[in-house]
Amino acid sequence: FKLDIPFRKTTAGQKCLSYLGPKTWNSLSSEIKSTNNIDTFKHKIKENFFQKIQKEEDDIYVFY
């Protein structure tokens, strides 16, 4: 299920936990969300995080 993301007018408001929490949860795959074991959940979320980082590093069009 998806959580409602509250409207925030400013970028400061978009850095609050009440905004970032639902936004982060909604971006997770349903496989991660449906995990019943907390240790499996933590493993999958870390794996997902590192895959995102690797994908960004491999992208030749990303400039830092």
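1. In this predicted model, helix 3 is the main contributor to the lining of the largest pocket, giving six residues. The pocket has a volume of about 180 Å³. Its lining consists of Thr-24, Ser-27, Leu-28, Ile-45, Asn-48, Phe-49, Lys-52, Ile-53 and Glu-56. Two elements each give two or more residues to this lining, namely helix 1 (17–27) and helix 3.

2. Helix 3 itself covers residues 38–58, a run of 21 residues. From its first C-alpha to its last, helix 3 reaches 30 Å, close to the 30 Å expected at 1.5 Å a residue. At the start of this helix, a side-chain oxygen of Asn-37 comes to within 2.8 Å of the backbone nitrogen of Asp-39.

3. A nonpolar patch on the surface is formed by Phe-49, Phe-50 and Ile-53. Together these residues have about 310 Å² of accessible area. Phe-49 lies in helix 3.

4. As to charged pairs, the model contains two salt bridges. One of them joins the side chains of Glu-31 and Lys-44, at 3.4 Å from N to O. This pair links distant parts of the chain, with Glu-31 in helix 2 (residues 30–33) and Lys-44 in helix 3, 13 residues apart.

Technical notes. Residues numbered from 1 in each chain as written. Predicted model: local features only at pLDDT ≥ 70, side-chain atom pairs only at ≥ 80, totals over all residues. Heavy atoms only, no water. Helix = DSSP H or I, 4+ residues; strand = E, 2+ residues; numbered from the N terminus. Expected span 1.5 Å × (residues − 1). Polar contact = N/O pair within 3.5 Å; in protein donor to acceptor, adjacent residues only side chain to side chain. Patch = residues over 30% accessible without salt bridge, like charges linked within 9 Å, V, L, I, M, F, W, Y side chains within 5 Å. Areas by Shrake-Rupley, 256 points an atom, 1.4 Å probe, with all protein chains shown as cover. Salt bridge = Lys/Arg side-chain N within 4 Å of Asp/Glu carboxyl O. 1 Å grid on protein atoms, 1.4 Å probe; cavity = no way out; pocket = protein on both sides within 12 Å on 5 of 7 lines; lining within 4 Å. Points joined across faces, edges and corners; volume = space filled by probe spheres on them.
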